[in-house]
Amino acid sequence: MKKLSLFVYSGLGMFIIGVLFLCCKPIEKTKTAVVNKQELLISNKLKWSERMALSIMKRHPKAWQIDNHEKPKWDYKIGMILTAYEKLYAQTKDPKYFAYIRDYADTLIDSTGSFENFNPKDHNIDFINAGKILFGLYDKTHNQKYLKALQTLRNQFVDYPRTASGGFWHKEIYPNQMWLDGLYMGEPFYARYTAEFEKGEKLNDVAHQFELLHDHAYDKTTGLFFHAWDESKKMPWANKETGTAPHIWLRALGWYGMALVDVLDYFPKDHPKQKQLVAYLNELANGVSKYQDVSGLWHQVPNLPNRAGNYLEASGSSMLVYAIAKGVHKGYLPKKMNKVAVKGFNGLTTKLIKVDSNGEIHITQVCASAGLGGNPYRDGSFEYYMSEKIKVDNSHGLGAFLLAAIELDK
């Protein structure tokens, strides 16, 4: 009886296996179809940071292609984006983010550590910013070419042109001028390098750059900062008494805030300039919070929100969110300031972030670029700041939004 039962059960088992074998292909097809459908929607289940990072990588498989560049270029905006990817890699441990960073560096730096199309005599502080990704690459790989590239960028500061008071010119082509933008381009790199390789011997020089712009570009009336300062007071755009630019520009405030909160990573608490930089950050946070729109965002010219043509701008808003959020998390700013950052981020996701049918996300209302002087001439007027192109998915907005999202763990 036991043998018969075993035979019956064995036969039944074989029958079931046969049925499953015949059905397995249709079942697999159905399963695959469901998985593919879910892949289109999976970004909705991720944090905003990864949704944006994956959207960028889908549109631009190589980082140098961001902003639709036709050929690789060592670019400060891509450097900001990849700095965010570095933070995302640290947070998620996902190797594809590290690979994205390394591929960019390896495309533009050869085996000897030399940069493609680099002329040290250009003295362009924008060129320094992307160098921040090299610290992590060197720490992880110990490849000497990354160290050589770091040293090349550090050496830029040795003979970099300065104002009479010791401030780095924004560029060789902008003599005697310091822009808020330049603080972000140069100082976080300079601070980290001197902290890690020189025992912090140049931290006073780093702090001095902030002191100069604070002393000369700060506007007591608004509590904000003018875009730039010309120490010579010879530029047509410069105020003949103060040397300041005519207007306050949102993204310049963002560059300043991010520069402050990032250099503070390398100032020990007992450094004589640390408290001063923290005070500057508090001053900025208090100043910009007064001009935050009900939406949580800030205007292109933040102190003139009701003037015709002014608009809520994405990159500068994202930068301020990042700077304030990080300032709170690091203990530099009071905890109540986190509400300002969260309100700003919610404004970005509800007003300026768009999701397409593929689940990719896009950032809108990004000022493409703005500056002073040059050819064609940029006079720093309100009308000028309104005239610059407004773009979707411009790299300034992509990088700043990523940094804000990662810092808030959103």
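Predicted model: local features only at pLDDT ≥ 70, side-chain atom pairs only at ≥ 80, totals over all residues.
**Entry 1. Conventions**

I call a crossing left-handed if the near helix is turned anticlockwise from the far one by less than a right angle, and right-handed if clockwise. Residues are numbered from 1 along each chain as its sequence is written, and side-chain values use heavy atoms, with hydrogens and water left out.

**Entry 2. The chain as a whole**

I looked up the secondary structure and found 14 helices and eight strands; helices (H or I, at least four residues) and strands (E, at least two) are DSSP runs numbered from the N terminus. Of the 410 residues in the chain, 55% are buried (under 20% relative accessible area; exposed is over 50% and partly exposed in between, with a 1.4 Å probe and protein chains only). I also looked up the contacts (heavy atoms within 4.5 Å): among those with a separation of 6 or more, 70% join residues 24 or more positions apart.

**Entry 3. Helices α9 and α11**

I found that α9 (residues 250-263) packs with α11 (residues 314-329) at an angle of about 25°, the axes being 8 Å apart. Because of that angle, α9 is roughly parallel to α11. The axes are lines fitted to C-alpha atoms, for helices over the stretch in contact, and angles run from 0 to 180 degrees between N-to-C directions. Angles under 35 degrees count as roughly parallel, over 145 as roughly antiparallel, 65 to 115 as roughly perpendicular and the rest as oblique. The crossing of α9 and α11 is left-handed. On the α9 side I noted residues including Leu250, Trp255, Met258 and Val261, and on the α11 side residues including Met319, Leu320, Tyr322 and Lys326. By class, the contact of α9 with α11 has nine nonpolar, six polar and three charged residues. In this scheme Ala, Val, Leu, Ile, Met, Phe, Trp, Tyr, Cys and Pro are nonpolar, Asp, Glu, Lys and Arg are charged, and the others, Gly among them, are polar.

I then looked up α6 (residues 144-155), which packs with α7 at about 120°, their axes 11 Å apart. The angle therefore makes α6 oblique to α7. This crossing is left-handed. Leu147, Leu150, Gln151, Leu153 and Arg154 of α6 meet Phe189, Tyr190, Tyr193 and Phe197 of α7. By class, I recorded seven nonpolar, one polar and one charged residues in the contact of α6 with α7.

Glu198 is placed in the loop between α7 (180-197) and α8 (203-217). Glu198 counts as buried because its relative accessibility is 17%. Leaving aside residues up to four places away in sequence, Glu198 touches Arg154 and Tyr193. The side chains of Glu198 and Arg154 make a polar contact at 2.9 Å (a pair of N or O atoms within 3.5 Å; within protein, one must be able to donate a hydrogen and the other to accept it, and residues adjacent in sequence count only if both atoms are side-chain atoms).

**Entry 4. Two serines**

I found Ser289 in helix α10 (residues 274-289). Its relative accessibility is 26%, so Ser289 counts as partly exposed. Ser289 touches Met337 and Val340, not counting residues up to four places away in sequence. The C-alpha atoms of Ser289 and Met337 are 8.6 Å apart in space, while the two residues are 48 apart in sequence.

Ser381 lies in the loop between β7 (366-367) and α13 (382-387). At 16% relative accessibility, Ser381 counts as buried. I noted that its side chain reaches the backbone nitrogen of Tyr384 at 3.0 Å.
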